[in-house]
Amino acid sequence: MPLHSSSMAIKVSPNLGLGKWNDKHNNFIPNHVGSFFIFLRGNKTHHNAMSRGHIGCCLSSFNQTQSFPIMEGQKKLSFSSPEPVNYSQELDVAVRTVQLACSLCQRVQNSLISKTSDGFQSKDDNSPVTVADWSVQATVSCVLSESFGSSNVSIVAEEDIQNLSKAKAGGVLETVVKTVNECLAEAPRYGLKGPKMALGTTEVLEAISRCNSIGGPAGRFWALDPVDGTLGFVRGDQYAIALALIEDGEVVLGVLGCPNYPMRKEWLNYHHRYHRIISKLTPSTSESWDKGCVIYARRGSGEAWMQPLLHVNKNLVWPNSARPVRVSSIDNPSLATFCEPVEKANSSHSFTAGLAHSVGLRKQPLRVYSMVKYAAIARGDAEIFMKFGRAGYKEKIWDHAAGVVIIQEAGGVVTDAGGRPLDFSKGIYLEGLDRGVIASAGANLHDKIIRAVDASWDSSAL
(Lines give C-alpha, C1' and ligand atoms only; values in the text may rest on other atoms or scores of the structure.)
Protein backbone atom coordinates (compact mmCIF):
# COMPACT_ATOMS: atom_id res chain seq x y z
CA MET A 1 0.00 0.00 0.00
CA PRO A 2 1.40 3.40 -0.88
CA LEU A 3 1.74 5.38 2.30
CA HIS A 4 1.46 9.15 2.05
CA SER A 5 1.92 12.25 4.11
CA SER A 6 0.68 15.72 3.29
CA SER A 7 2.67 18.84 2.47
CA MET A 8 2.77 21.88 4.72
CA ALA A 9 2.66 25.59 3.90
CA ILE A 10 3.79 28.44 6.13
CA LYS A 11 2.09 31.79 5.55
CA VAL A 12 4.56 34.61 5.29
CA SER A 13 3.53 38.16 6.03
CA PRO A 14 4.36 40.71 3.28
CA ASN A 15 5.61 43.04 6.02
CA LEU A 16 8.54 40.85 6.98
CA GLY A 17 10.71 42.23 4.19
CA LEU A 18 11.50 38.78 2.90
CA GLY A 19 10.93 39.63 -0.75
CA LYS A 20 8.12 40.25 -3.16
CA TRP A 21 5.66 38.40 -5.37
CA ASN A 22 6.32 38.43 -9.15
CA ASP A 23 2.92 38.45 -10.89
CA LYS A 24 4.46 38.02 -14.31
CA HIS A 25 6.16 34.75 -13.47
CA ASN A 26 3.81 33.75 -10.63
CA ASN A 27 6.59 33.14 -8.14
CA PHE A 28 8.13 34.54 -4.98
CA ILE A 29 11.36 36.59 -5.30
CA PRO A 30 13.27 36.75 -2.00
CA ASN A 31 15.76 39.40 -1.03
CA HIS A 32 19.22 38.04 -1.71
CA VAL A 33 21.24 39.69 1.03
CA GLY A 34 21.83 37.32 3.89
CA SER A 35 19.44 34.48 4.51
CA PHE A 36 16.57 33.31 6.68
CA PHE A 37 15.77 29.73 7.38
CA ILE A 38 12.60 27.74 7.71
CA PHE A 39 13.20 24.38 9.28
CA LEU A 40 10.70 21.69 8.39
CA ARG A 41 10.95 18.03 9.10
CA GLY A 42 8.71 15.41 7.65
CA ASN A 43 8.47 12.04 6.03
CA LYS A 44 7.41 12.06 2.42
CA THR A 45 6.68 14.54 -0.34
CA HIS A 46 4.21 14.48 -3.18
CA HIS A 47 4.50 17.94 -4.70
CA ASN A 48 6.00 21.37 -4.19
CA ALA A 49 3.68 24.33 -4.03
CA MET A 50 4.20 28.08 -3.72
CA SER A 51 1.34 30.52 -3.74
CA ARG A 52 0.93 34.23 -3.19
CA GLY A 53 1.55 35.09 0.44
CA HIS A 54 2.63 31.53 1.13
CA ILE A 55 5.87 29.67 0.89
CA GLY A 56 4.99 26.03 0.39
CA CYS A 57 7.45 23.74 2.01
CA CYS A 58 6.86 20.07 1.36
CA LEU A 59 7.89 17.38 3.73
CA SER A 60 11.08 15.63 2.82
CA SER A 61 11.49 11.88 3.10
CA PHE A 62 15.07 12.46 4.20
CA ASN A 63 14.25 15.00 6.94
CA GLN A 64 16.15 17.67 5.01
CA THR A 65 16.25 21.32 6.00
CA GLN A 66 14.76 23.89 3.61
CA SER A 67 16.30 27.38 3.61
CA PHE A 68 15.51 30.71 2.00
CA PRO A 69 17.37 34.09 2.02
CA ILE A 70 16.57 36.98 4.37
CA MET A 71 17.86 40.50 4.73
CA GLU A 72 21.23 40.75 6.36
CA GLY A 73 21.15 42.18 9.84
CA GLN A 74 17.84 40.61 10.71
CA LYS A 75 17.73 37.76 13.16
CA LYS A 76 17.52 34.29 11.74
CA LEU A 77 13.87 33.24 11.73
CA SER A 78 13.08 29.66 12.58
CA PHE A 79 9.69 28.02 12.13
CA SER A 80 9.55 24.53 13.53
CA SER A 81 6.87 21.94 12.99
CA PRO A 82 6.65 18.68 14.88
CA GLU A 83 7.44 15.70 12.73
CA PRO A 84 4.13 14.29 11.51
CA VAL A 85 3.31 10.69 12.30
CA ASN A 86 2.14 8.70 9.30
CA TYR A 87 1.76 5.39 11.17
CA SER A 88 3.29 3.41 8.30
CA GLN A 89 5.10 0.97 10.59
CA GLU A 90 2.04 0.52 12.80
CA LEU A 91 -0.18 -0.15 9.79
CA ASP A 92 2.28 -2.64 8.32
CA VAL A 93 2.48 -4.59 11.58
CA ALA A 94 -1.28 -4.41 12.11
CA VAL A 95 -2.12 -5.82 8.67
CA ARG A 96 0.39 -8.65 9.04
CA THR A 97 -0.90 -9.41 12.53
CA VAL A 98 -4.52 -9.58 11.37
CA GLN A 99 -3.47 -11.83 8.50
CA LEU A 100 -1.85 -14.15 11.05
CA ALA A 101 -4.96 -14.04 13.25
CA CYS A 102 -7.16 -14.93 10.27
CA SER A 103 -5.17 -18.09 9.66
CA LEU A 104 -5.63 -19.04 13.32
CA CYS A 105 -9.39 -18.48 13.12
CA GLN A 106 -9.74 -20.51 9.95
CA ARG A 107 -8.12 -23.52 11.59
CA VAL A 108 -10.27 -23.22 14.71
CA GLN A 109 -13.49 -22.69 12.75
CA ASN A 110 -12.81 -25.72 10.59
CA SER A 111 -12.34 -27.83 13.72
CA LEU A 112 -15.60 -26.54 15.22
CA ILE A 113 -17.52 -27.30 12.04
CA SER A 114 -15.99 -30.69 11.30
CA LYS A 115 -16.59 -32.20 14.70
CA THR A 116 -18.42 -31.74 17.96
CA SER A 117 -16.16 -29.58 20.07
CA ASP A 118 -16.09 -28.06 23.51
CA GLY A 119 -14.02 -25.21 22.13
CA PHE A 120 -16.48 -22.54 23.18
CA GLN A 121 -18.31 -21.41 26.27
CA SER A 122 -20.87 -18.79 27.25
CA LYS A 123 -19.96 -15.54 28.96
CA ASP A 124 -22.00 -13.91 31.69
CA ASP A 125 -24.16 -12.18 29.08
CA ASN A 126 -24.77 -15.57 27.40
CA SER A 127 -22.77 -14.56 24.32
CA PRO A 128 -20.41 -17.29 23.10
CA VAL A 129 -16.64 -17.11 23.48
CA THR A 130 -14.37 -19.58 21.73
CA VAL A 131 -10.84 -20.87 21.68
CA ALA A 132 -10.32 -18.46 18.78
CA ASP A 133 -11.34 -15.39 20.82
CA TRP A 134 -8.79 -16.05 23.54
CA SER A 135 -6.14 -17.34 21.15
CA VAL A 136 -6.34 -14.32 18.84
CA GLN A 137 -6.20 -11.92 21.76
CA ALA A 138 -3.11 -13.62 23.16
CA THR A 139 -1.47 -13.77 19.73
CA VAL A 140 -2.11 -10.10 18.90
CA SER A 141 -0.92 -9.05 22.35
CA CYS A 142 2.32 -11.01 21.91
CA VAL A 143 3.02 -9.81 18.38
CA LEU A 144 2.41 -6.14 19.13
CA SER A 145 4.60 -6.39 22.23
CA GLU A 146 7.37 -8.06 20.23
CA SER A 147 7.11 -5.41 17.50
CA PHE A 148 6.89 -2.24 19.58
CA GLY A 149 7.96 -3.29 23.08
CA SER A 150 5.50 -4.32 25.76
CA SER A 151 5.94 -1.03 27.63
CA ASN A 152 4.80 0.85 24.51
CA VAL A 153 1.70 -1.23 23.84
CA SER A 154 -1.67 -0.60 25.44
CA ILE A 155 -4.67 -2.63 24.27
CA VAL A 156 -8.40 -2.36 24.85
CA ALA A 157 -9.90 -5.75 24.04
CA GLU A 158 -13.08 -7.69 24.56
CA GLU A 159 -11.98 -10.83 26.38
CA ASP A 160 -10.63 -11.45 29.86
CA ILE A 161 -9.36 -14.58 31.53
CA GLN A 162 -12.13 -14.95 34.10
CA ASN A 163 -13.93 -17.82 32.35
CA LEU A 164 -10.77 -19.29 30.88
CA SER A 165 -9.11 -19.56 34.28
CA LYS A 166 -11.93 -21.56 35.81
CA ALA A 167 -11.08 -25.13 36.71
CA LYS A 168 -13.75 -26.58 34.42
CA ALA A 169 -12.16 -24.77 31.49
CA GLY A 170 -8.92 -26.72 31.85
CA GLY A 171 -9.35 -28.48 28.52
CA VAL A 172 -10.16 -25.22 26.74
CA LEU A 173 -7.16 -23.48 28.31
CA GLU A 174 -4.86 -26.25 27.16
CA THR A 175 -6.25 -25.91 23.63
CA VAL A 176 -5.78 -22.14 23.70
CA VAL A 177 -2.12 -22.47 24.71
CA LYS A 178 -1.52 -25.02 21.96
CA THR A 179 -3.33 -22.87 19.37
CA VAL A 180 -1.39 -19.74 20.31
CA ASN A 181 1.97 -21.46 20.04
CA GLU A 182 1.10 -23.04 16.69
CA CYS A 183 0.08 -19.64 15.40
CA LEU A 184 3.14 -17.78 16.72
CA ALA A 185 5.40 -20.38 15.11
CA GLU A 186 4.01 -19.13 11.79
CA ALA A 187 4.78 -15.46 12.56
CA PRO A 188 8.00 -15.30 10.45
CA ARG A 189 6.01 -16.35 7.38
CA TYR A 190 4.01 -13.16 7.83
CA GLY A 191 7.10 -11.01 8.36
CA LEU A 192 6.51 -10.77 12.11
CA LYS A 193 8.60 -11.45 15.17
CA GLY A 194 7.41 -14.15 17.48
CA PRO A 195 8.70 -15.24 20.89
CA LYS A 196 11.95 -17.19 20.92
CA MET A 197 10.42 -20.02 22.92
CA ALA A 198 6.99 -21.58 23.17
CA LEU A 199 4.70 -19.88 25.67
CA GLY A 200 3.51 -21.64 28.78
CA THR A 201 0.04 -21.43 30.31
CA THR A 202 0.97 -18.56 32.61
CA GLU A 203 2.47 -16.54 29.75
CA VAL A 204 -0.59 -17.00 27.55
CA LEU A 205 -2.89 -15.91 30.37
CA GLU A 206 -0.66 -12.90 30.99
CA ALA A 207 -0.78 -11.97 27.29
CA ILE A 208 -4.58 -12.03 27.36
CA SER A 209 -4.87 -10.11 30.62
CA ARG A 210 -2.42 -7.42 29.43
CA CYS A 211 -5.21 -6.20 27.17
CA ASN A 212 -6.70 -4.28 30.07
CA SER A 213 -6.52 -0.66 28.95
CA ILE A 214 -9.64 1.42 29.53
CA GLY A 215 -8.97 3.81 26.66
CA GLY A 216 -9.67 7.50 27.11
CA PRO A 217 -8.93 10.87 25.51
CA ALA A 218 -5.14 10.93 25.85
CA GLY A 219 -2.33 8.72 24.65
CA ARG A 220 -2.17 5.80 22.26
CA PHE A 221 -3.91 2.45 22.52
CA TRP A 222 -5.06 -0.37 20.30
CA ALA A 223 -8.69 -1.50 20.18
CA LEU A 224 -9.12 -5.20 19.44
CA ASP A 225 -12.10 -7.42 18.87
CA PRO A 226 -10.43 -10.82 18.47
CA VAL A 227 -13.48 -12.43 16.88
CA ASP A 228 -16.29 -10.00 16.10
CA GLY A 229 -19.42 -11.99 15.42
CA THR A 230 -18.59 -15.04 17.51
CA LEU A 231 -22.06 -16.49 16.90
CA GLY A 232 -21.44 -16.32 13.17
CA PHE A 233 -18.03 -17.85 13.72
CA VAL A 234 -19.47 -20.81 15.64
CA ARG A 235 -22.10 -21.32 12.92
CA GLY A 236 -19.52 -21.27 10.14
CA ASP A 237 -20.78 -17.90 8.93
CA GLN A 238 -19.24 -14.44 8.62
CA TYR A 239 -17.03 -12.96 11.33
CA ALA A 240 -14.18 -10.47 11.53
CA ILE A 241 -10.95 -9.76 13.36
CA ALA A 242 -10.89 -6.02 14.06
CA LEU A 243 -7.81 -4.05 15.10
CA ALA A 244 -7.59 -0.26 15.30
CA LEU A 245 -5.07 2.21 16.64
CA ILE A 246 -6.48 5.17 18.56
CA GLU A 247 -4.40 8.19 19.50
CA ASP A 248 -5.70 11.05 21.63
CA GLY A 249 -9.25 9.87 21.06
CA GLU A 250 -8.98 9.66 17.25
CA VAL A 251 -8.90 6.43 15.26
CA VAL A 252 -5.75 6.71 13.13
CA LEU A 253 -5.78 3.31 11.42
CA GLY A 254 -8.02 0.30 11.14
CA VAL A 255 -7.70 -3.26 9.88
CA LEU A 256 -10.53 -5.74 9.32
CA GLY A 257 -9.79 -9.39 8.66
CA CYS A 258 -12.77 -11.12 7.06
CA PRO A 259 -11.83 -14.79 6.54
CA ASN A 260 -15.15 -15.83 4.97
CA TYR A 261 -15.74 -12.69 2.90
CA PRO A 262 -14.51 -13.38 -0.64
CA MET A 263 -12.31 -11.02 -2.63
CA ARG A 264 -14.54 -11.44 -5.68
CA LYS A 265 -17.94 -9.81 -5.32
CA GLU A 266 -19.68 -12.42 -7.49
CA TRP A 267 -19.00 -15.08 -4.85
CA LEU A 268 -21.41 -13.19 -2.58
CA ASN A 269 -24.25 -14.65 -4.65
CA TYR A 270 -23.56 -18.01 -3.07
CA HIS A 271 -24.20 -19.03 0.47
CA HIS A 272 -21.20 -19.24 2.78
CA ARG A 273 -21.63 -23.01 3.17
CA TYR A 274 -21.29 -23.35 -0.59
CA HIS A 275 -18.06 -21.41 -0.24
CA ARG A 276 -16.76 -24.07 2.13
CA ILE A 277 -17.66 -26.84 -0.31
CA ILE A 278 -15.90 -25.06 -3.16
CA SER A 279 -12.86 -24.34 -1.01
CA LYS A 280 -12.48 -28.05 -0.26
CA LEU A 281 -12.74 -28.88 -3.97
CA THR A 282 -10.32 -26.16 -5.02
CA PRO A 283 -6.63 -26.43 -4.06
CA SER A 284 -5.75 -23.96 -1.35
CA THR A 285 -2.88 -22.67 -3.47
CA SER A 286 -5.17 -21.72 -6.33
CA GLU A 287 -5.08 -17.98 -7.02
CA SER A 288 -8.63 -18.22 -8.40
CA TRP A 289 -10.11 -18.90 -4.98
CA ASP A 290 -9.64 -16.05 -2.55
CA LYS A 291 -12.38 -16.70 -0.05
CA GLY A 292 -11.23 -14.18 2.52
CA CYS A 293 -9.75 -10.71 2.63
CA VAL A 294 -8.13 -8.07 4.83
CA ILE A 295 -9.25 -4.45 4.42
CA TYR A 296 -7.34 -1.57 5.94
CA ALA A 297 -6.93 2.20 5.94
CA ARG A 298 -4.97 4.99 7.57
CA ARG A 299 -6.66 8.25 8.56
CA GLY A 300 -6.01 11.13 6.20
CA SER A 301 -4.77 8.96 3.33
CA GLY A 302 -8.02 9.13 1.36
CA GLU A 303 -7.53 5.48 0.48
CA ALA A 304 -8.64 2.07 1.69
CA TRP A 305 -7.05 -1.16 0.53
CA MET A 306 -7.91 -4.84 0.34
CA GLN A 307 -5.62 -7.83 0.04
CA PRO A 308 -6.36 -11.57 -0.05
CA LEU A 309 -5.61 -13.83 2.85
CA LEU A 310 -2.20 -15.42 2.65
CA HIS A 311 -2.22 -18.79 0.92
CA VAL A 312 -0.96 -21.84 2.75
CA ASN A 313 2.81 -22.31 2.73
CA LYS A 314 3.45 -18.90 1.18
CA ASN A 315 5.24 -15.92 2.69
CA LEU A 316 3.59 -12.54 2.90
CA VAL A 317 5.36 -10.21 0.48
CA TRP A 318 4.05 -6.66 0.73
CA PRO A 319 1.71 -5.46 -0.63
CA ASN A 320 0.35 -8.98 -1.16
CA SER A 321 -1.70 -8.20 -4.29
CA ALA A 322 -3.47 -5.33 -2.52
CA ARG A 323 -5.90 -3.23 -4.48
CA PRO A 324 -7.78 -0.06 -3.55
CA VAL A 325 -11.44 -0.22 -2.57
CA ARG A 326 -14.04 2.51 -2.84
CA VAL A 327 -17.61 2.96 -1.66
CA SER A 328 -20.49 2.65 -4.11
CA SER A 329 -21.57 5.70 -6.11
CA ILE A 330 -25.26 4.84 -5.65
CA ASP A 331 -27.16 7.62 -3.88
CA ASN A 332 -30.70 6.63 -4.90
CA PRO A 333 -32.30 4.84 -1.92
CA SER A 334 -34.41 2.64 -4.18
CA LEU A 335 -31.22 1.14 -5.62
CA ALA A 336 -29.30 0.91 -2.36
CA THR A 337 -28.66 -2.18 -0.26
CA PHE A 338 -28.59 -1.80 3.50
CA CYS A 339 -26.97 -3.98 6.12
CA GLU A 340 -28.15 -4.68 9.62
CA PRO A 341 -27.03 -7.03 12.41
CA VAL A 342 -28.26 -10.60 12.45
CA GLU A 343 -28.78 -10.61 16.21
CA LYS A 344 -32.12 -9.18 17.28
CA ALA A 345 -31.03 -8.89 20.89
CA ASN A 346 -28.86 -5.84 20.25
CA SER A 347 -30.73 -4.20 17.37
CA SER A 348 -34.30 -3.40 16.37
CA HIS A 349 -35.09 -5.00 13.02
CA SER A 350 -38.65 -3.67 13.07
CA PHE A 351 -37.49 -0.07 13.35
CA THR A 352 -34.89 -0.40 10.61
CA ALA A 353 -37.46 -2.11 8.38
CA GLY A 354 -39.89 0.78 8.84
CA LEU A 355 -37.12 3.27 8.34
CA ALA A 356 -35.97 1.55 5.18
CA HIS A 357 -39.48 1.71 3.78
CA SER A 358 -39.92 5.40 4.62
CA VAL A 359 -36.67 6.40 2.96
CA GLY A 360 -37.41 4.38 -0.17
CA LEU A 361 -35.15 1.36 0.31
CA ARG A 362 -36.72 -1.48 -1.63
CA LYS A 363 -34.09 -4.21 -1.54
CA GLN A 364 -34.06 -6.90 1.11
CA PRO A 365 -31.61 -6.10 3.93
CA LEU A 366 -28.26 -7.82 3.99
CA ARG A 367 -28.09 -9.28 7.49
CA VAL A 368 -24.49 -10.01 8.28
CA TYR A 369 -22.68 -10.97 11.44
CA SER A 370 -19.90 -8.71 12.67
CA MET A 371 -18.04 -5.77 11.21
CA VAL A 372 -18.12 -7.45 7.82
CA LYS A 373 -20.95 -4.94 7.30
CA TYR A 374 -18.38 -2.14 7.38
CA ALA A 375 -16.25 -4.03 4.86
CA ALA A 376 -19.26 -4.49 2.57
CA ILE A 377 -19.87 -0.75 2.44
CA ALA A 378 -16.20 0.19 2.09
CA ARG A 379 -15.78 -1.94 -1.02
CA GLY A 380 -19.12 -1.05 -2.59
CA ASP A 381 -21.10 -4.25 -1.99
CA ALA A 382 -23.73 -2.36 0.03
CA GLU A 383 -24.55 1.28 0.62
CA ILE A 384 -26.02 1.63 4.12
CA PHE A 385 -25.46 0.16 7.57
CA MET A 386 -27.90 1.01 10.34
CA LYS A 387 -27.83 -0.15 13.92
CA PHE A 388 -30.22 1.11 16.56
CA GLY A 389 -29.66 -0.50 19.92
CA ARG A 390 -32.42 -1.37 22.29
CA ALA A 391 -32.80 0.58 25.50
CA GLY A 392 -29.89 -0.02 27.84
CA TYR A 393 -27.52 -1.39 25.22
CA LYS A 394 -24.18 0.42 24.97
CA GLU A 395 -21.96 0.21 21.91
CA LYS A 396 -18.32 -0.68 22.54
CA ILE A 397 -15.45 1.00 20.73
CA TRP A 398 -13.88 -2.24 19.45
CA ASP A 399 -17.11 -3.02 17.57
CA HIS A 400 -16.74 0.08 15.40
CA ALA A 401 -13.29 1.71 15.47
CA ALA A 402 -11.61 -0.20 12.63
CA GLY A 403 -14.68 -0.15 10.41
CA VAL A 404 -15.31 3.57 10.83
CA VAL A 405 -11.91 4.73 9.60
CA ILE A 406 -11.97 2.25 6.70
CA ILE A 407 -15.33 3.48 5.41
CA GLN A 408 -14.33 7.12 5.84
CA GLU A 409 -11.09 6.72 3.92
CA ALA A 410 -12.94 4.74 1.22
CA GLY A 411 -15.17 7.78 0.69
CA GLY A 412 -18.11 7.00 2.96
CA VAL A 413 -19.66 8.63 6.02
CA VAL A 414 -20.17 7.25 9.54
CA THR A 415 -21.97 9.16 12.30
CA ASP A 416 -24.50 8.60 15.02
CA ALA A 417 -28.16 9.14 14.18
CA GLY A 418 -27.81 12.81 15.00
CA GLY A 419 -25.11 13.28 12.38
CA ARG A 420 -22.28 13.58 14.88
CA PRO A 421 -18.95 11.73 14.60
CA LEU A 422 -18.56 8.71 16.87
CA ASP A 423 -16.55 9.57 19.96
CA PHE A 424 -13.77 7.10 20.78
CA SER A 425 -12.29 9.19 23.60
CA LYS A 426 -14.65 8.23 26.44
CA GLY A 427 -13.36 4.80 27.41
CA ILE A 428 -14.54 1.41 26.23
CA TYR A 429 -18.06 2.61 25.32
CA LEU A 430 -19.28 5.03 22.66
CA GLU A 431 -20.63 7.42 25.24
CA GLY A 432 -23.02 10.15 24.13
CA LEU A 433 -24.19 8.17 21.13
CA ASP A 434 -27.35 9.68 19.66
CA ARG A 435 -29.76 6.77 19.18
CA GLY A 436 -27.67 4.60 16.90
CA VAL A 437 -24.95 4.24 14.26
CA ILE A 438 -25.40 5.02 10.56
CA ALA A 439 -22.82 4.36 7.86
CA SER A 440 -23.42 5.31 4.25
CA ALA A 441 -21.64 5.26 0.93
CA GLY A 442 -21.97 9.02 0.51
CA ALA A 443 -23.10 12.28 2.09
CA ASN A 444 -26.33 12.62 0.09
CA LEU A 445 -27.54 9.17 1.01
CA HIS A 446 -26.45 9.70 4.60
CA ASP A 447 -28.46 12.92 4.93
CA LYS A 448 -31.59 11.18 3.66
CA ILE A 449 -31.25 8.44 6.25
CA ILE A 450 -30.71 10.90 9.10
CA ARG A 451 -33.76 12.94 8.10
CA ALA A 452 -35.83 9.75 7.97
CA VAL A 453 -34.63 8.77 11.45
CA ASP A 454 -35.67 12.15 12.83
CA ALA A 455 -39.10 11.82 11.25
CA SER A 456 -39.68 8.28 12.54
CA TRP A 457 -38.01 8.22 15.92
CA ASP A 458 -40.79 9.61 18.10
CA SER A 459 -43.15 6.85 16.98
CA SER A 460 -40.63 4.08 17.68
CA ALA A 461 -40.53 2.01 20.84
CA LEU A 462 -36.76 2.27 21.23
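Predicted model: local features only at pLDDT ≥ 70, side-chain atom pairs only at ≥ 80, totals over all residues.
Reader: Thanks! What percentage of the residues count as buried?
Author: Of the 462 residues in the protein chain, 53% count as buried. Buried is under 20% relative accessible area, exposed is over 50%, and partly exposed lies in between (1.4 Å probe, protein chains only).

Reader: And how many helices and strands are there?
Author: The protein chain has 10 helices and 20 strands. They are DSSP runs numbered from the N terminus: helices are H or I with at least four residues, strands are E with at least two.

Reader: Let's talk sheets. What is the strand order in the open sheet of 7 strands?
Author: The order is E9-E10-E11-E12-E13-E14-E15, with mixed pairing. Its edge strands are E9 (155–157) and E15 (323–325), each pairing on one side only. From one strand to the next, the twist averages 20°. Two strands pair if DSSP finds at least two bridges between them.

Reader: How many bridges join E11 to E12?
Author: There are 7 bridges between E11 (residues 240–247) and E12 (residues 250–258), and the two strands run antiparallel. Glu 247 has Glu 250 in E12 as its bridge partner.

Reader: Which strands does helix H9 touch where it packs on that sheet?
Author: H9 (residues 401–409) touches E11, E12, E13 (293–298) and E14 (304–308), and its direction makes about 100° with that of E12. Contact means heavy atoms within 4.5 Å. Axes are lines fitted to C-alpha atoms, for helices over the stretch in contact, and angles run from 0 to 180 degrees between N-to-C directions.

Reader: Is H9 mostly covered or mostly exposed?
Author: Mostly covered: 8 of its 9 residues are buried. Among them are Val 404, Ile 407 and Glu 409. Just after H9, Gly 411 takes a positive phi of about 105°.

Reader: Switching to the core: which residues touch the most other members of the largest one?
Author: Trp 222 and Val 255 do, in a nonpolar core of 62 residues. Helix H1 (residues 88–114) gives the most to this core, with 12 residues. Such a core is a set of buried Ala, Val, Leu, Ile, Met, Phe, Trp, Tyr and Cys residues joined through side-chain atoms within 4.5 Å.

Reader: What does Val 255 touch?
Author: Not counting residues up to four places away in sequence, its contacts include Leu 91, Val 98, Leu 243, Tyr 296 and Ile 406.

Reader: Last topic, strand E20. Why is E20 largely enclosed?
Author: All this comes from burial: 5 of the 5 residues of E20 (residues 436–440) are buried, so the rest of the structure largely encloses it. Gly 436, Ile 438 and Ser 440 are buried on one side, and Val 437 and Ala 439 on the other.

Reader: Which residue stands opposite Ile 438 from E18's side, and how do those strands run?
Author: Met 386 stands opposite Ile 438, and 5 bridges join E18 (residues 384–388) to E20 in an antiparallel arrangement. E19 (residues 413–416) also pairs antiparallel with E20, over 4 bridges, and Ile 438 is the bridge partner of Thr 415.

Conventions: Residues numbered from 1 in each chain as written. Heavy atoms only, no water.
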